[in-house]
Amino acid sequence: MSKLTGAQILMEMLKEEGVDTIFGYPGGAVIDVYDELEKTDINHYLVRHEQGAVHAADGYARASGKVGVCLVTSGPGATNTVTGIASAYMDSIPLVVFTGQVPTKLIGNDAFQEVDIVGITRPCTKHNYLVSDVKNLARKVKEAFHIARSGRPGPVLVDLPKDVVNATTNFSPPGEISLRSYNPTYEPNIKQLKKVVSLIRTAKKPVVFSGGGVVLSKAHEELTEFARKGQIPVTSTLMGLGAFPGTDPLWLGMLGMHGTYRANMAVTDCDLLISVGVRFDDRVTGKTDEFASQAKIVQIDIDPTSIQKNVQVSVPVVGDCKISLRQLNELLETEECSDRAEDRQEWLAQIDEWKRTTPLAYKQEDIIKPQYVIDKLYELTKGDAIITTEVGQNQMWAAQYYHFREPGRFITSGGLGVMGFGLPAAIGAQVGAPGNLVVDVAGDGSIQMNIQEMATAVQYNLPVKVVILNNCFLGMVRQWQELFYNKRYASTQFHHTPDFVKLAEAYGAKGLRAKTPDEVEKVLSEGLAHPGAVIMDFVVEQEECVYPMVPAGAPIKNMLLV
Amino acid sequence: MTEKRHLLSILVDNEPGVLSRIVGLFSGRGYNIESLCVAETMDPAISRITMTTRGNPMIIEQIKKQLNKLVNVLKVFDLTGQEYVQREMVLIKVTAVQQHRAEILRITDIFRGQVVDVGQDHFTIKITGDNEKISAILSLLRPFGIREIARTGSIALFREKK
């Protein structure tokens, strides 16, 4: 046993947890941790704002499948992480956020840069710790990683007082840990799964409804097998995009407020809804009383609180999505299913009919349509890029017009809806999946919420591409004002916007602009081929709306169409 | 769905911040706490929280699941509908002028209460019992003038199976 300081113990534990990447920002309370970090092989990415560090760790976690790690100082450093933590909590992304804290003897004294970050983040972390004794540090760090990555993943915060980091103790790695009060259920109840199979056997109009849980548990192959085996069409939440190939004939498109016509109609009309890894968010259900009201609802989820929270469920299954779908596939294997395709003919024909009569559509005329930019982006990248988004119209058009074939390719702040998420998330994704083309689809509003991270991208030679759909408006709020507030555009128009091309150049990146439809392809080709970071500014139709649209709180079959 | 009162008994890690996690869960999600009682168990590492809450069956199910999800919560028991014993203690400071003192003492006696403090014109009475018993004595003493009360909130344990 050797005597180590808290900072050294932290480094040992990070190595033990396989951490090779940290996003962070130093300060007085963590200066000793940074001093030790410098001596290790861990790559530290110095962001320009702590919020950027958390979103970058989020993007990193989703692109790499590992736990994202942040390190920031006390007080404002810690409070700046809160939005990122809350976003990761809503989207179930595994993060461990280390915050500095004033020395234990000063806690509670309103010391310089003191804030009760454990208190502040209690409702938006999966769990959090204030480490008050260096002897507990190793174990708490181990627990933090264990809790972040297991069960329904989520962010865990570890608050490190400066004196704890500097104190010394005998260090021995804590080894395996088990928490008596934390044991997620992975194995589903087989009786419940058999009930699901018997429902599938008799259903005439079944739909699979898949969500972020399928992406998180890497159950995409099992999901695809399940849908094809049962000949069941698939829709998904925003967070679930990519878990089922967007090019498959059974794919319905996204569900909900900006879902496709056929997805919303199919769920309204179905007699069996098999939901996997979803939590029935209000943006998906619309008016819950009329959501799949004809259907028996099956819900498979690792988190029991997600089940029966917003809608009544006929067959609840608590378990891991991957294990549950695998076992369902095995059960279906033994079933007589040769004539299933025939059984489904009528239902699939109805869905085709909806698709034919009311597809996603826009008209490209004189001014660039934002949908056209995404269409072209999809075409030029052959659907292989990792797409991050900001929040609002840009996010919805990316979700509608980029047809994701694999999980981990669509990285968006789904639950919390954080503007300013896309650029730092793209930076994290680029670090986590080097060699991939990473594109942030942004609006001119949200890009300005974390534009400073362009400097991070340039400093670390991260060739992220930013596509700005520039309409000089906060487009989604403007759309609501157009549709529901008599076009009173209260505070949604930017009367001044920076020149994004010059701004890109000022950051040392490349800047390009397209003003007419025929320039779109040229700008995209040039920008995507550039070896470094790029901002592409597309001057788009100012008052374009995202359609279909279900007004908030209405049944999802009540869609406003183009 | 009809609302009903539920009595929950929750075993938690005896650590700083745990009560705050539970109370924060209730306020953050708009659940109701009617009474709350917290103290150490036989094992000093574990505390027992006894809580009465109210909600329809779907809300009560969510409350139990959300509590179970907290890392510091070891076990959640819903005593409602089960065999259990429940007690609450109340201290009642009642105005006791000369002509009423005998009557107040008689009532206290009937309820097996105790006078724990006495003054020229008041008694402070200690009563233990279930909610109904406490409500009953409060309504009997009210005409004499109740100055203050302090209630502990319910505590409860399952009855052992016979």
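In chain B, residues 24 or more positions apart account for 73% of the contacts with a separation of 6 or more, where contact means heavy atoms within 4.5 Å. This is a predicted model, in which local features need pLDDT of at least 70 and side-chain atom pairs count only at pLDDT 80 or more, while totals for chains, interfaces and linings use all residues. Residues are numbered from 1 along each chain as its sequence is written, chains are lettered from A and ligands numbered from 1 in the order in which they are written, and side-chain values use heavy atoms, with hydrogens and water left out.

**Chain B as a whole**

- Chain B has four helices and nine strands, where helices (H or I, at least four residues) and strands (E, at least two) are DSSP runs numbered from the N terminus.
- Read from the N terminus on, the elements of chain B follow the order β-α-β-β-α-β-β-α-β-β-α-β-β.
- Along the principal axes, the C-alpha atoms of chain B fill a box of roughly 55 × 40 × 40 Å.
- Chain B has 162 residues, of which 41% count as buried; buried means under 20% relative accessible area, exposed over 50% and partly exposed in between, with a 1.4 Å probe and protein chains only.

**Where chain B meets chain A**

- The contact takes 19 residues from chain B and 18 residues from chain A.
- The area buried between the two chains is about 1600 Å², of which carbon and sulfur atoms give 48%; buried area is the accessible area (1.4 Å probe) that two parts lose on being put together, summed over both.
- On the chain B side, B:Arg21, B:Met58 and B:Val71 lose the most area to chain A, together 39% of what that side buries.
- Two salt bridges are counted between chain B and chain A, a salt bridge being a side-chain nitrogen of Lys or Arg within 4 Å of a carboxyl oxygen of Asp or Glu.
- The side chains of B:Lys69 and A:Asp303 meet in a salt bridge, at 2.8 Å from N to O.
- In chain B, α1 (18-28), α2 (57-69) and β4 (73-78) each supply at least two residues of the side that touches chain A, and the largest share, six residues, comes from α2(B).
- By class, that side of chain B has eight nonpolar, five polar and six charged residues, where Ala, Val, Leu, Ile, Met, Phe, Trp, Tyr, Cys and Pro count as nonpolar, Asp, Glu, Lys and Arg as charged, and the others, Gly among them, as polar.

**Domains of chain A**

- The domain assignment of chain A gives domain 1 (2-171), domain 2 (190-357) and domain 3 (370-539), with bounds that come from an automatic or database domain assignment.
- Taken over C-alpha atoms, the centres of domain 2 and domain 3 of chain A are separated by 31 Å.
- In chain A, 16 residues of domain 2 are in contact with 18 residues of domain 3.
- Domain 2 and domain 3 of chain A bury about 1300 Å² between them, 69% of it on carbon and sulfur atoms, and A:Leu238, A:Leu241 and A:His258 supply 41% of the area that domain 2 buries against domain 3, more than any other three residues.
- The count of salt bridges between domain 2 and domain 3 of chain A is zero.

**A covered helix in chain A**

- Helix α12 (residues 261-269) of chain A is mostly covered, with eight of its nine residues buried, among them A:Tyr261, A:Arg262 and A:Met265.
- What covers the buried residues of α12(A) includes β9 (206-210), β12 (272-276) and α15 (340-357) of chain A.
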